[in-house]
Amino acid sequence: MKSANAGFLREVGIIMRRNSPVAEDLVKKARSLCTASRLEHIMGVERLAVELSRLHGEDEEKASLAALGHDIFRDLPGGELLRLAALYDLEPCALELKQPVLLHGKVAASHIRVEYGIDGDIFESIYWHVSGYRSLSRLAKILMVADMGEETRQFTQADEIRKLAKGDLEKSFLNVIRLKIQWSLNSEKCLLPETVLAWNYCIGGADYVSD
Ligand SMILES: [Fe+2]
Ligand SMILES: [Fe+2]
């Protein structure tokens, strides 16, 4: 049942891409710029993001584009990410300057806006997918959940994130932000301030109130 569903979603993804030159182009870019395992991840994110969009009333084609574009620059060297950030007039914070990989979402979002004129919630989803942010669109939450919970992810929490998201997207998103914070704390790595904003907004904002 599970594999039949995955097969169906793979077909849906392929059909949508055939109808979208932008999607086709993003897949080409991912193929040329990303490692094989990253490409697998991107396709996994697309499958789950499309499935979650279907379940939660989001636009499946937008979810496909956001997923296909989110990590196209993830495997670029830091110097290249900094060069592209300057090209797109981004102003990296101190943490991003120290760890340019953190810029891959912002650079990818800027690229798709310039290259394809894509803006709005697809832009926002890709732009903030690394850190999260306060008050995000449903599409952005779907992308972040799919990014953490897609089926090729190896860590134990991925399964739970994926399953929970099918019934309760908001709760699963909160768990994604929780996990990002826990990883930073456990590995004594820096925590992006936008991730803290996302957490505070989720637990105290109007978007979701836990009971
Ligand atoms: Fe990413
Ligand atoms: Fe990703």
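Helices are taken here as DSSP runs of H or I with at least four residues, numbered from the N terminus, and in that scheme Y116 is found in helix α7. The model is predicted, with a chain average pLDDT of 91 and with 88% of the residues scoring at least 70. Over residues 206-211, however, the pLDDT is below 50, although this stretch has eight contacts in the model beyond near neighbours in sequence. Where pLDDT is low, the predicted coordinates should not be read in detail.

**Helix α7 and its surroundings**

- Helix α7 covers residues 104-116, and because 13 residues at 1.5 Å a residue should span 18 Å, the 18 Å between its end C-alpha atoms agrees with expectation.
- The buried residues of α7 are H104, G105, K106, V107, A108, A109, S110, H111 and I112, and they pack against α4 (60-70), α5 (78-87) and α8 (120-128).
- Y116 has 15 C-beta neighbours inside 10 Å and therefore counts as partly exposed, since a residue is called buried at 20 or more and exposed at 12 or fewer.
- Y116 and V22 are 94 residues apart in sequence, yet their C-alpha atoms are 7.2 Å apart in space.
- Just after α7, G117 takes a positive phi of about 70 degrees.

**Packing of α9 and α11**

- Helix α9 (residues 138-149) packs with helix α11 (residues 169-186) at an angle of about 60 degrees, their axes being 9 Å apart, which means that α9 is oblique to α11.
- The contact is made by K141, I142, M144, V145 and M148 of α9 together with L169, S172, F173, V176 and L179 of α11, and α9 passes α11 in a left-handed crossing.

How values were computed. Residues numbered from 1 in each chain as written. Chains lettered and ligands numbered in written order. Predicted model: local features only at pLDDT ≥ 70, side-chain atom pairs only at ≥ 80, totals over all residues. Helix = DSSP H or I, 4+ residues; strand = E, 2+ residues; numbered from the N terminus. Expected span 1.5 Å × (residues − 1). Contact = placed C-beta atoms within 7 Å. pLDDT = per-residue confidence, 0-100. Axes fitted to C-alpha atoms, helices over the stretch in contact; angles between N-to-C directions. Parallel < 35°, antiparallel > 145°, perpendicular 65-115°, else oblique. Left-handed = near helix turned anticlockwise from the far one by under 90°.
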